[in-house]
Amino acid sequence: MQIKPAIRYAVALVVALAGVFVTSPPARAETTTQPLTLRVLLVNCVDPCRNEGLEAADESAPDFYAEITFDGFDTYTTPRAPDDQVQVAPNWSLTKQIPTTKTEQKISVLIKDHDDTSPDDWGDASPRPDDPYARFTVNLIHGTVTGDLTSSTGCVAGNGEPGGGIFGPDPKPSVQVCVDITPYPSADTDGDGFTDYEEYRGRDFNNDNVVDLTLPGADAERRDVYVEVDWMRGEDPQTGVLQDVEGVFNNAPVINDQHRTGIGLHLLADEAVPYVATLEFNDHPTGTLDDFDDLKLGNPERACGPTATGHFGTAQDRSSPLCNDIMLFKRLHFRYGMFIHALPTFNSGMAELDERGSNDFVVAVDGLGTSLINTLGGRKVAEESTFLHELGHTLGLGHGGRFDNGDLDLHNCKPNYLSVMNYLYQFPDVDTTRPLNLATVATDTLTENGGLDELRSPALAHAGSRLIIHGVGGKPANHPADKAIHWAGEDGSYSDHATEDVNFIPVYGKECATASPGDTLLSHTDWDRLQFNFTSSRYFSEGAHGQAIDELTAADLERVHSIDLAVTKTVDKSDAQAGDTLTYTVRGTNKSANDASSVTLTDTPPSGAPITRSVGALPATETFTYQVPCTAVDGSTLTNSVQISGVNAGGEPEVEATLADNTATASTTAHAPVLTLSQTATPSAEPGEAITYTLAYRNTGSAQATGATLTQTLPAGLYYSQALDKGSGPRPGTVTRNADGTTTLTWTVGALAPDATGSVAITARPSLLTPPGPLTVQAALRYGGQNGCAFTPATAQATTQVTEPAPTRNPQLSAVWALRGDLRTPEVLARVQATDTRFDGADGTTPDGALSQAEATAVLTLPVLQPRTLRAELLATALNLATHRINAGTAIRTITIERLGLHTVADAYRFTAATLALPVLPNTIRYTDNTLALTEINSNLAERY
């Protein structure tokens with residue numbers, strides 16, 4: 001039963017004002033007596049008793065009183081009831097402390113009438129003849145009543161004894177007496193689920209008046225809670241753990257109906273059970289000894305007898321002939337706790353949780369590991385803290401306590417809920433002075449959305465100097481409750497209406513890791529809300545444990561004590577060009593309340609070796625620089641990363657669960673010019689014909705190109721002059737004839753903005769001596785960028801297929817070509833110029849890259865002396881080639897030609913060019929033979945078609 005509200009609040013007020021726990025004497029040892037009370041509720045006359053019977057004539061009605069005798073005790077005479085009444089309700093009461101060695105207590109009641117003038121008269125209250133005493137026998141094990149009454153409450157009337165018998169001359173008129181004998185058989189004075197008789201004596205299951213089960217330390221006037229405690233081999237609780245937890249309940253600020261304080265918690269250490277490395281609590285996997293119920297109930301489940309497999313109950317219980325009765329009684333009244341090695345999830349413990357209470361729990365501290373156990377205050381402290389926490393769940397408390405309406409409060413990590421049920425205060429690891437206790441006081445409600453008063457001191461009423469743990473931006477902080485608390489953690493400013501999600505502290509596990517801004521967090525007391533009777537719980541049935549509670553795990557607890565480093569990184573340029581210098585700002589912080597040491601920042605640039613620096617006190621800021629290489633790809637992302645690392649005061653690195661923010665990156669988009677170049681050419685052309693070359697370029701990059709220069713390299717035999725260029729331009733800025741016969745055309749493009757384009761279109765002519773086949777021209781676009789970067793040139797090539805037409809086989813003599821100016825068309829002259837530039841300027845004009853009629857006439861006129869004669873024949877040969885009368889590959893053969901070792905027209909042409917480079921006089925014969933050979937070609941005598 002719950003404490004009445006008025007008493008509950010009175011207790012809370014007394015505790016708050018005192019600042020200490022309400023204490024009570026230690027729970028008493030085994031009782032040697034038990035109280036038994038008889039109350040006389042009603043006495044009335046059955047036979048006439050006014051002026052007759054008990055009273056004589058003219059004496060009115062009786063003046064009743066009683067003599068009550070408890071066998072073995074002195075007779076007790078009650079006060080007189082009001083005079084002259086035929087019926088009274090006197091409520092006479094007599095209580096005796098009966099030795100617990102007695103099985104039965106006999107009681108007798110004699111009703112008398114007081115007379116002043118004569119001896120007192122007796123009434124007959126017994127239905128039995130010859131006995132005026134109402135007699136009862138109370139069974140002190142079961143509380144049953146036998147004798148003149150068969151129940152604890154009732155009335156009995158006498159049969160009336162006549163005068164002159166064994167009682168003397170006076171008659172004994174019949175009277176009725178109504179009595180109440182307490183405790184009743186089902187009485188539970190303290191409301192803990194055990195009857196008073198069970199608590200004083202124990203339980204007799206087979207009604208043989210022999211107690212079969214006792215409740216050690218039970219107190220019928222103070223609530224008792226019984227827990228059977230087993231442990232895996234090697235996992236027995238540390239010395240003092242069970243006693244300390246019992247002491248917490250013994251000193252609990254609970255006032256029972258009899259004004260006794262505290263709760264009798266009886267932790268009955270029983271036996272060792274088989275060791276299992278990890279034990280399932282909620283699940284029941286197939287197998288033996290792999291879950292809680294395998295150990296408690298057995299697998300196969302067998303509770304009683306020599307083949308019993310379970311460990312619930314004592315060995316004596318299991319071997320008792322009354323085992324089934326004993327086990328049923330314990331399952332209805334006893335909770336069961338077990339110290340185990342570890343749970344699969346490495347929680348500190350686990351319990352059933354229901355608003356109506358529950359009965360099963362485990363303590364799994366050993367699975368946390370020695371180092372963490374030491375951090376929590378040592379094994380004993382960790383065990384008793386977890387034991388009390390899990391036991392609290394079985395008593396109907398959530399991680400936030402219990403609402404007034406009986407619902408579980410599941411709001412975990414509430415700074416104002418000062419209970420071991422709260423993850424913040426389960427262990428004395430942060431607040432080493434936190435008491436081992438449930439919530440004895442209710443502090444102030446915390447309204448997260450604008451209702452946090454940072455000016456109030458003390459910050460929380462009734463909390464004393466307790467260290468209050470709370471969240472600030474998800475990071476734990478702590479402050480004394482008797483001073484103002486900076487709930488929101490703003491630098492330097494306090495507010496009476498601050499806003500902060502104070503129970504959002506992810507390091508304390510899943511239940512505290514979900515942001516819940518704007519909550520109203522209630523503070524509760526625990527002791528006035530405990531649920532002692534668990535038989536109406538959803539999880540009362542054996543094997544039903546409900547959904548697993550998200551209890552603190554080893555990983556959670558490690559996070560609480562680990563450092564929680566974080567790092568951020570920014571860059572001064574989100575966009576940069578090749579050669580720019582980027583500056584990175586790195587800030588390292590410690591999000592935990594634990595000191596960090598040996599902190600380093602390792603910066604890894606987009607390219608190159610990482611840089612590691614040691615950092616002093618946190619927060620700390622460092623800068624790093626990086627020069628964007630000229631080779632950076634346009635549009636690429638340059639990512640710089642940084643990592644922070646360190647250890648806590650114990651030299652332990654940060655736990656894996658909080659490493660997500662230990663790295664940070666900053667990115668910059670690289671911008672560079674990217675020029676593309678394409679070149680097209682006339683697909684096919686005959687020797688001497690104009691080939692059109694088109695070059696197109698574009699800056700496809702996102703940065704401006706500087707100093708762009710376009711070059712086109714014409715192979716030897718491909719002639720270009722601006723005079724003959726038929727392209728749309730622009731013309732090259734320079735034309736360079738190279739020593740190897742190639743020609744380089746150059747255009748100065750200059751700066752090219754992103755997406756800027758340009759093009760060049762020119763014509764060039766292959767020599768008439770060019771053999772059939774591909775003719776390839778290379779082009780290149782060279783450029784740079786800002787910061788002095790130079791980039792790989794863009795290149796392009798184009799190929800034209802040179803074809804040789806069938807000759808018309810009618811070459812003309814030089815004299816004909818001299819006379820037939822009409823045959824020397826501009827196209828024909830252009831072809832000749834592309835083949836041989838020696839005729840350009842022959843008329844005395846400045847060579848301009850084109851062969852004019854006048855220049856051709858000057859070569860062909862009056863060819864009298866060498867080398868003019870040979871030059872005229874050579875021009876005639878060129879004109880014959882230009883008009884395709886013959887081809888460069890046309891075979892030739894005469895005696896003279898064979899003597900000169902020539903085979904084709906091209907051979908003869910090149911031989912002649914070589915001859916003209918020689919002085920005439922030393923080479924007269926060669927000039928003569930050479931002139932004859934060309935005359936034979938131009939007269940069509942040498943050709944072999």
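Visitor: Among contacts in the chain between residues at least 6 apart in sequence, what percentage join residues at least 24 apart?

Guide: In this predicted model, the share is 70%. A contact here requires heavy atoms within 4.5 Å.

Visitor: Why is strand 2 called mostly covered?

Guide: A residue is buried if its relative accessible area is under 20%. Six of the seven residues in strand 2 (residues 64–70) are buried, so the strand is mostly covered. For the chain, buried residues make up 52% of the 945 residues.

Visitor: What makes strand 2 and strand 6 a pair?

Guide: Two strands pair if at least two bridges are found between them. Seven bridges join strand 2 to strand 6 (residues 104–113), so the two strands pair; they run antiparallel. Ala66 stands opposite Ile111 in strand 6.

Visitor: How do you know that strand 2 also pairs with strand 3?

Guide: Two bridges join strand 2 to strand 3 (residues 76–77), and the requirement is at least two, so these strands pair as well. Strand 2 and strand 3 run antiparallel, and Glu67 stands opposite Thr77 in strand 3. The two strands form a hairpin with five residues between them, and Gly72 in the turn has a positive phi of about 95°.

Note on methods
Residues numbered from 1 in each chain as written. Predicted model: local features only at pLDDT ≥ 70, side-chain atom pairs only at ≥ 80, totals over all residues. Heavy atoms only, no water. Buried < 20%, exposed > 50% of the residue type's maximum accessible area, 1.4 Å probe, protein only. Helix = DSSP H or I, 4+ residues; strand = E, 2+ residues; numbered from the N terminus.
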